[in-house]
Amino acid sequence: MSTPSTFADWEALLRGRISASRFEHSLRAARLAAEIARAHDLPEEKAALAGLLHDFAHEMPEAEMAPLARELGCDPDIPAVWHGPIAALILRRDYGLVAGDVLSAIARHTVGAPDMTPLDEVVFVADLVAHDIVPGLHELALRDLRGATLAASAASVGDVLQRRRRIDLVAVRTWNALLDRAML
Ligand SMILES: [Fe+2]
Ligand SMILES: [Fe+2]
């Protein structure tokens, strides 16, 4: 399989793998990630690419994902969080995406990580802004990336609790780390 080289190449590849509505969500996340990155002097093109590709594996059949999730050490009981790390694995292994920081942001968009980089945070937040479920998050992200990441983590952990679903322990560790950092 040849490696896509431009944003448009990646876009074309993605279009064939996910539904039209998720593709629209991905384009929106890409635009927002670029905008948030620009506001904080972070690499805009990398943010856009990670935003575009973050849900690359979202529509893979669960049975196909399960062995990869095992290999990656994902919580076997929470399939909803697998698609981030699996997208990063497939994009690297099958499509030659080598930028480690882009892969990291893609892998970590589902549950975050206690040691998220600023680029990880941009994509984590842009995904939630694209879903339009946290009032004021867009403006906050442009002003205060750390504050927005804390708010995004609270919203995503809160949503899991509210829906009485199992919670990923990395999401909890991420919340604790972000909270500790906010208290400093
Ligand atoms: Fe996702
Ligand atoms: Fe998403």
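**Figure 1. The loop that holds R164.** In this predicted model, R164 lies in the loop that joins α9 (145-162) to α10 (169-183). The phi angle of R164 is near 55 degrees, a positive value in a residue other than glycine. Most residues other than glycine have a negative phi. R164 is classed as exposed because 6 other C-beta atoms lie within 10 Å, and a residue with 12 or fewer such atoms is exposed.

**Figure 2. The loop that holds D41.** D41 is found in the loop between α2 (20-39) and α3 (44-53). Phi of D41 is near 55 degrees, again a positive value in a residue that is not glycine. Is D41 buried or exposed? D41 has 8 C-beta neighbours inside 10 Å and therefore counts as exposed.

**Figure 3. The buried residues of helix α6.** Helix α6 covers residues 100-107. Which residues of α6 are buried? They are V102, A105, I106 and A107. These buried residues pack against three helices, namely α3, α5 (83-93) and α7 (118-131).

**Figure 4. The crossing of helices α4 and α5.** The axes of α4 (residues 62-72) and α5 come within 10 Å and cross at roughly 90 degrees. Helix α4 is therefore roughly perpendicular to α5. Which residues of α4 meet α5? On the α4 side they are M65, L68, A69 and L72, and their partners in α5 are P85, I86 and L89. By class, this contact of α4 with α5 has 7 nonpolar residues, with no polar and no charged residues.

**Figure 5. The setting of the close-up views in the whole protein.** The secondary structure comes to 10 helices and 0 strands, and the elements run α-α-α-α-α-α-α-α-α-α from the N terminus on. Along the principal axes, the C-alpha atoms fill a box of roughly 45 × 35 × 30 Å. How does the radius of gyration fit a compact globule, and why? A compact globule of 184 residues would have a radius of gyration near 16 Å, and the protein has 15 Å, so the value agrees. Of the 184 residues, 41% count as buried. Among contacts with a separation of 6 or more, 57% are between residues 24 or more positions apart.

Note on methods:
Residues numbered from 1 in each chain as written. Chains lettered and ligands numbered in written order. Predicted model: local features only at pLDDT ≥ 70, side-chain atom pairs only at ≥ 80, totals over all residues. Helix = DSSP H or I, 4+ residues; strand = E, 2+ residues; numbered from the N terminus. Buried ≥ 20, exposed ≤ 12 C-beta atoms within 10 Å, placed from the backbone. Contact = placed C-beta atoms within 7 Å. Rg over C-alpha atoms; globule rule 2.2 N^0.38 Å. Axes fitted to C-alpha atoms, helices over the stretch in contact; angles between N-to-C directions. Parallel < 35°, antiparallel > 145°, perpendicular 65-115°, else oblique. Nonpolar A, V, L, I, M, F, W, Y, C, P; charged D, E, K, R; others polar.
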